Amino acid sequence: MQFDIITIFPEIFSSYFAESLIARAQKKKLIKINIHNLRKWTKDRHKTVDDRPFGGGLGMVMKIEPIFKAVTALKRKAQSAKRKTKIVLFSPRGEKFNQKTAYQLGKLDQLIFICGRYEGVDERVAKHIADKELSIGDYVLMGGELPAIVVIETVARLIPGVLGKKKLLKERITKTKGFIEYPQYTRSEIFQPKKGVKWQVPKVLLSGNHKKIEEWRKKHAKIIEK
Ligand code: SAH
């Protein structure tokens, strides 16, 4: 699966995507992540990507022209390679991103992300260019870069082979509902933060009784809906 990120802060991503499972997934060619500097699609000397808002108000708004050019160029490539693609704009006013959306997005071949900054993006981008407006939660960030990382990570881990062991993903999925997330423990069995205080691992997990363990996990699980 391919991810294309349009941003004015391309450097943000380099260290994050160079670590751990996301780095390995790229090396194994399970995913491809392209970072595009929006300023590449500006023509003026100052590489302007923002301007003052019509109607007045504080802050700056991202202009439609460079975004239109960037998306058009990326879409053209996608079309000639016959990739199923969606354009996602990040916005705190968008549809709330969740596990279900991750599954749906994971069925595509490519996602193109537009990361806003400043006071947001000219509304015509949402109206005419983006296929989907996504919010990662009811709070306002400074930019769409973290949301892009959040969505890529969530979608990527659903791709077979991205998580170390294939079984790992299977084990955690119920047939109908979604992921089972339950509490986990590892050694030490008894942790003593200070004298006279013991933080213990629930006994049932040490019992070796698989049926009981499963029951305990079910009881304490949260299912993240598909
Ligand atoms: N006043 C603006 C907020 C701008 S925040 C508005 O209402 O749209 C700057 C950029 O950060 C946004 O354009 C968006 O791309 C990103 N952003 C901020 N909070 C976000 C959230 N919760 N989810 C997704 N993107 C967000």
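This is a predicted model: local features need pLDDT of at least 70, side-chain atom pairs count only at pLDDT 80 or more; totals for chains, interfaces and linings use all residues.

Visitor: How do α4 and α6 cross?
Guide: Helix α4 spans residues 99-106 and helix α6 spans residues 145-156. Their axes come within 9 Å and cross at roughly 70°. Angles of 65 to 115 degrees count as roughly perpendicular, so α4 is roughly perpendicular to α6.

Visitor: Which residues meet there?
Guide: From α4, Q99, A102, L105 and G106. From α6, V151, T154 and V155. By class, that contact has 4 nonpolar, 3 polar and no charged residues.

Visitor: Which residues of α4 are buried?
Guide: Q99, T101, A102 and L105. They sit on the same side of α4, because they cover an arc of only 155° around the axis.

Visitor: Why would residues a few places apart point the same way?
Guide: An α-helix has 3.6 residues a turn, so residues three or four places apart point the same way.

Visitor: And what do the buried residues of α4 pack against?
Guide: Several elements. The strands are β5 (85-96), β6 (110-114), β7 (132-135), β8 (178-181) and β11 (222-225). Helix α6 is also on that list.

Visitor: What happens at the start of α4?
Guide: A side-chain oxygen of N98 reaches to within 3.2 Å of the backbone nitrogen of K100.

Visitor: Back to T154. Buried or exposed?
Guide: T154, in helix α6, has 17% relative accessibility. The cut-off for buried is under 20%, so T154 counts as buried.

Visitor: What does T154 touch?
Guide: Beyond its neighbours within four places in sequence, T154 is in contact with F97, Q99 and A102. Q99 and A102 are also among the buried residues of α4.

Visitor: New topic. Where is H36?
Guide: In strand β2, residues 32-37. H36 is buried, with a relative accessible area of 11%.

Visitor: Which side chain makes a polar contact with the H36 side chain?
Guide: That of D4, at 2.7 Å. Leaving out neighbours within four places in sequence, H36 is in contact with D4, I5, I6, T7, W41 and L74.

Visitor: Last one. Where does A221 sit?
Guide: In the loop between α8 (210-220) and β11. A221 is partly exposed, at 25% relative accessible area.

Visitor: How far is A221 from P183?
Guide: In sequence, 38 residues. In space, 7.2 Å from C-alpha to C-alpha. Setting aside neighbours within four places in sequence, A221 is in contact with I180, E181 and Y182.

Notes: Residues are numbered from 1 along each chain as its sequence is written. Side-chain values use heavy atoms; hydrogens and water are left out. Axes are lines fitted to C-alpha atoms, for helices over the stretch in contact, and angles run from 0 to 180 degrees between N-to-C directions. Helices (H or I, at least four residues) and strands (E, at least two) are DSSP runs, numbered from the N terminus. Angles under 35 degrees count as roughly parallel, over 145 as roughly antiparallel, 65 to 115 as roughly perpendicular and the rest as oblique. Contact means heavy atoms within 4.5 Å. Ala, Val, Leu, Ile, Met, Phe, Trp, Tyr, Cys and Pro count as nonpolar, Asp, Glu, Lys and Arg as charged, and the others, Gly among them, as polar. Buried means under 20% relative accessible area, exposed over 50%, partly exposed in between (1.4 Å probe, protein chains only). The arc is that of the directions from the helix axis to the C-beta atoms. A polar contact is a pair of N or O atoms within 3.5 Å; within protein, one must be able to donate a hydrogen and the other to accept it, and residues adjacent in sequence count only if both atoms are side-chain atoms.
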